[in-house]
Amino acid sequence: MPPVVAAQAGEEPPPVCRCQAWRLVERMQHGDTRAVGEFYDRFNVDVYRYVWLWCGDETLAQKLTREVWERALRSIGGLHANNDTPLSWLLRLARARAGQYFRTRRYRLGLIDLAAVQAVEALAFDDDHAQSAALLAAVRRLSPAQQEAIALTYFCGLDEIDSAAVMGNTPAIVQALTWQGRVRLAGLLAAGASA
């Protein structure tokens, strides 16, 4: 497998904080099997969480996450270090796989009910069930693009640059979607609190 190459001509090199992840990719490309386990351990929860946010079903999320990892391991040899992170690359694969799965249906990013949320250890909501339920109900009322921008930035912890890479938009659009979603959420939650 070819090693990770530096940023393409004319591009800025990846920031230092992203270098460790790229080193893992390089080790994988050189056949280091320990690096595969480290890479999986580092990013599997984020990939699963993102897929789960799309489908809201634990069994289906596990199946689709396995398929994302199969695709990732088959194509890791062609991955190049750039301004993205390996996580944003994995989440683009997850988004594509979820999109393929739901292509035949009109589908909205499905942030699900609180009982399902409690089953996923990686998602930490307030202990107050009423607040969490209100938040999830309000998020479900956002546009699909706003839901996805908020899911990527808040649930998966990506910045606007990496969220944009996953969504196929510009960072400015993701920033606007996130801001609009937060404003709408605040209004929905305030209206719910006063009702």
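Buried denotes under 20% relative accessible area, exposed over 50% and partly exposed in between, with a 1.4 Å probe and protein chains only. The model is predicted, so local features need pLDDT of at least 70 and side-chain atom pairs pLDDT 80 or more, whereas totals for chains, interfaces and linings use all residues. Residues are numbered from 1 along each chain as its sequence is written, and side-chain values use heavy atoms, without hydrogens and water.

**View 1. Gln147 in helix H7 (residues 144-155).** Helices are DSSP runs (H or I, at least four residues), numbered from the N terminus. Gln147 counts as buried because its relative accessibility is 0%. Its C-alpha atom is separated by 10.0 Å from that of Trp54, 93 residues apart along the chain.

**View 2. Crossing of helices H3 (residues 58-75) and H4 (residues 86-102).** The axes, lines fitted to C-alpha atoms over the stretch in contact, come within 9 Å and cross at roughly 125 degrees. Angles run from 0 to 180 degrees between N-to-C directions. H3 and H4 are therefore oblique to each other, the class left after roughly parallel (under 35 degrees), roughly antiparallel (over 145) and roughly perpendicular (65 to 115). Residues in contact (heavy atoms within 4.5 Å) include Leu64, Val68 and Trp69 of H3 and Trp89, Leu93 and Tyr101 of H4.

**View 3. Helix H8 (residues 160-167) and its ends.** H8 is largely enclosed by the rest of the structure, because 6 of its 8 residues are buried; among them are Asp162, Val166 and Met167. At the start of H8, a side-chain oxygen of Asp159 reaches to within 3.2 Å of the backbone nitrogen of Ile161. Gly168, with a positive phi near 75 degrees, follows H8.

Note on methods. Helices (H or I, at least four residues) and strands (E, at least two) are DSSP runs, numbered from the N terminus. A polar contact is a pair of N or O atoms within 3.5 Å; within protein, one must be able to donate a hydrogen and the other to accept it, and residues adjacent in sequence count only if both atoms are side-chain atoms.
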